[in-house]
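Biologist: Please show me the protein, and then I will ask about it piece by piece.

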Amino acid sequence: MAFDQATRNRLQKLVSDSRKRLTEEFTLQLQQDYGLDPKTGEVTELERLIHLSDRERHTAALLRETLAHYLALEGDGKSQRQAAIDRIIREQAFTVLNRLAALLMMEARGLLLPAVSQGTQSQAFELYRHLAGTALGETGEAYQTFLFSLFDEFAIDLPALFDRFAPQGRLFPRETALNALLELLNDHEIEPLWALDETIGWIYQYFNSQEERKAMRKASQAPRNSRELAVRNQFFTPRYVVEFLVDNTLGRQWFNATGGTTPLRDSCQYLLVKPDEQPEASIKLRDPRTLKLLDPACGSMHFGLYAFDLFLQIYRDAWQWEQQHGPGVLDVSTQPEAGFEPLRHTYSGEEAFLRDVPRLIVEHNIYGVDIDPRAAQIASLALWLRAQRAWHEADVKAQQRPDVGQGNVVAAVAPPAEQELRKAFMARLDSQDAKLFEKTLQMLKGLPELGVLLRAEKELPALIRQIYVGKGSDLFAEQEQETWQKAEKRLRRTLLEFSDEASATYQSRLFTQDALQGLRMIDLCRVVFDVVVMNPPFGALSSGVKAKLGREFPNSKNDLLAIFVERGLEVMRKGGRLGAITSRTCFFLSSFQKWREEVVLGIARPEVMADLGHGVMDDAMVEAAAFVLEKHS
């Protein structure tokens, strides 16, 4: 079933109707049950909510701590409270929708017995209720308990989406609202879509309406905050564009390295090669575990899903290459610290190796960053589902599948802003580590609007030298890296201890999570990539970071797309390839002349371009071009 316009319209209506119902439900819950009013910003004192059960009272307390955590960053006026309560409602709504959609996609892939597709008549629920007996209560209550048990099970692999104790997952629709939602999700016209990898990406795309985007643009020419930046630039990349860009970046890299012998030559339908083209093969083929691909504005990870297909073949090629040429023929010099052994020494045979490949791809090869927290949920889910599909197609039983680690999808969230918690945490550190933590949080300021544009890898060495050695020192890069890694390990350990203490509040745990996410972002900025592929945001710079980006990217400062291309080339190694779909105007408008001269032609070489015109990215009113640049300096 193809995602034609009629299909997309049906899915758009489903998402719009689902969001409306969930928003209404959670607005009522907050107003009537939990004493939080998005219309007035009023917060009822917890002691006055005498109608709540102990469990509901606990939820009410946690919602207030979540609200306080958000307000620590924005300020505590009426309008800020209204916006923060709206944010809570929006986050609860998209999390519930994403969770139920994820379970339906698991059903369609044979990973889960029917659990959502027939609601309370689902096979998995009937089995669960039979085993549990009458202790679960009435059907509606029992079904909620059943769904919660599924969420807890899948939270082990996908905490960003399924963790019920995360701030965006505290609420759940009551029975009537849940049944109405299930009726929407289980519509017979929608049912075939759950088997398609693209579905979760379109759900992500349609959660924010065109009307919402238009209203934001009407209110301000430039995005006023990170959410506006995310919503205004959220355009789904068509599959053919994804394939074109990945084929001519990752596919081309591997084609050249193997001297044109890889089967990707035939399977990558958009790979532009001459019929008789046969490049000279590399003396040592790169170990695929060291290949790094980044999507710096990953959304639902559409580029990464297709790159996953190519990596499956790349790993198969590498195994055959090592069998033919012997151990040591795969080059691991770009990542010596990983301590990779030859494949034949790591695995008992080809079957054991291929069984582990989907895990290797998620944990070593595909990286993503987005300023929208929904992206961390959906991108992580998309890659996990793609790994499960690979095992399913290879007939690997569930109990034989390796555990998939956290992966490398990072949400660019704001650093924690609670001053009292910051002081309490820093009191546990020695003076140098405390100063590093404070300076690191300052460095992360603006992260929700910058994302991967934060040049942490350039700012960090100066911080290390200043704090641990003193002014005027000149540590070698290797020593700076070692000093940072040891300090970061201490910070992580102390943050977790701070969060796990019996006296820790929910707000202190949120503080810890945001701080740890900031450290993950710094680590990602220090990775050197082989391939960068993206559909970057475009247009005016967000007002909060315009001055900073103008100073740091003087050749590209007139448009976000130009800055993303320059930054993408900056985080790549020499010889790497960048693929992007952007507005075509950057290649002829005079305002982009400096960018074309200093970036596109100065540190890179254009390899491929497709002039695509209007109507490529759904409702984006731009004429698009897709292009590939090779970095040469």
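Biologist: Which helix has the lowest confidence in the protein?

Modeller: This is a predicted model, and the mean pLDDT of the protein is 90, with 93% of its residues at 70 or more. Confidence is highest in strand E2 (residues 293-295), at 98. Where pLDDT is low, the coordinates should not be read in detail. The lowest mean, 60, belongs to residues 226-232, which are helix H10.

Biologist: Is Met 301 buried or exposed?

Modeller: Met 301 is in the loop between E2 and helix H13 (302-325). Its phi is near 70°, a positive value in a residue other than glycine. Most residues other than glycine have a negative phi. The relative accessible area of Met 301 is 0%, and the limit for buried is under 20%, so Met 301 is buried.

Biologist: Asp 395 has a positive phi too. Is Asp 395 buried or exposed?

Modeller: Phi of Asp 395 is near 60°. Asp 395 lies in the loop between helix H16 (373-393) and strand E5 (408-411). Its relative accessibility is 54%, and exposed means over 50%, so Asp 395 is exposed.

Biologist: Which backbone oxygen does the side chain of Thr 95 reach?

Modeller: Thr 95 is in helix H3 (residues 78-108), and at 1% relative accessibility it counts as buried. Beyond its neighbours within four places in sequence, Thr 95 is in contact with Leu 161, Gln 168, Gly 169 and Gln 377. At 2.8 Å, its side chain reaches the backbone oxygen of Glu 91.

Biologist: Which backbone oxygen does the side chain of His 632 reach?

Modeller: His 632 is in the segment after strand E9 (624-631) and, at 35% relative accessibility, is partly exposed. The C-alpha atoms of His 632 and Gly 602 are 8.7 Å apart, although the two residues are 30 residues apart along the chain. The backbone oxygen that the side chain of His 632 reaches, at 2.9 Å, is that of Ala 604.

Biologist: Which element gives the most to the lining of the second largest pocket?

Modeller: The second largest pocket has a volume of about 1100 Å³. Of the 34 residues that line the pocket, the closest to its centre are Glu 337, Gln 481, Asp 523, Arg 526 and Val 527. The elements giving two or more residues to this lining are E5, helix H20 (456-469), helix H21 (477-500), helix H22 (506-525) and strand E7 (572-583). With 7 residues, the element that gives the most is H21.

Biologist: How many charged residues are in the lining of that second largest pocket?

Modeller: The lining is sorted by class, and 14 of its residues are nonpolar. A further 8 are polar. The number of charged residues is 12.

Biologist: Which element gives the most to the lining of the second largest cavity?

Modeller: The whole structure has 5 cavities of 30 Å³ or more, and the second largest cavity holds about 50 Å³ of space. Its lining includes Phe 437, Thr 440, Leu 491 and Ala 515, and helix H18 (431-443), H21 and H22 are the elements that give two or more residues. By class, the lining has 7 nonpolar residues, 1 polar and no charged. With 3 residues, the element that gives the most is H18.

Definitions and conventions:
Residues are numbered from 1 along each chain as its sequence is written. This is a predicted model: local features need pLDDT of at least 70, side-chain atom pairs count only at pLDDT 80 or more; totals for chains, interfaces and linings use all residues. Side-chain values use heavy atoms; hydrogens and water are left out. pLDDT is the predictor's confidence in each residue, from 0 to 100. Helices (H or I, at least four residues) and strands (E, at least two) are DSSP runs, numbered from the N terminus. Buried means under 20% relative accessible area, exposed over 50%, partly exposed in between (1.4 Å probe, protein chains only). A polar contact is a pair of N or O atoms within 3.5 Å; within protein, one must be able to donate a hydrogen and the other to accept it, and residues adjacent in sequence count only if both atoms are side-chain atoms. On a 1 Å grid over the protein atoms alone, a cavity is a set of points where a 1.4 Å probe fits but cannot get out, and a pocket is an open set with protein on both sides within 12 Å along at least five of seven lines; lining residues have an atom within 4 Å of a point. Grid points are joined across faces, edges and corners, and a volume is the space filled by probe spheres set on the points. Ala, Val, Leu, Ile, Met, Phe, Trp, Tyr, Cys and Pro count as nonpolar, Asp, Glu, Lys and Arg as charged, and the others, Gly among them, as polar. Contact means heavy atoms within 4.5 Å.
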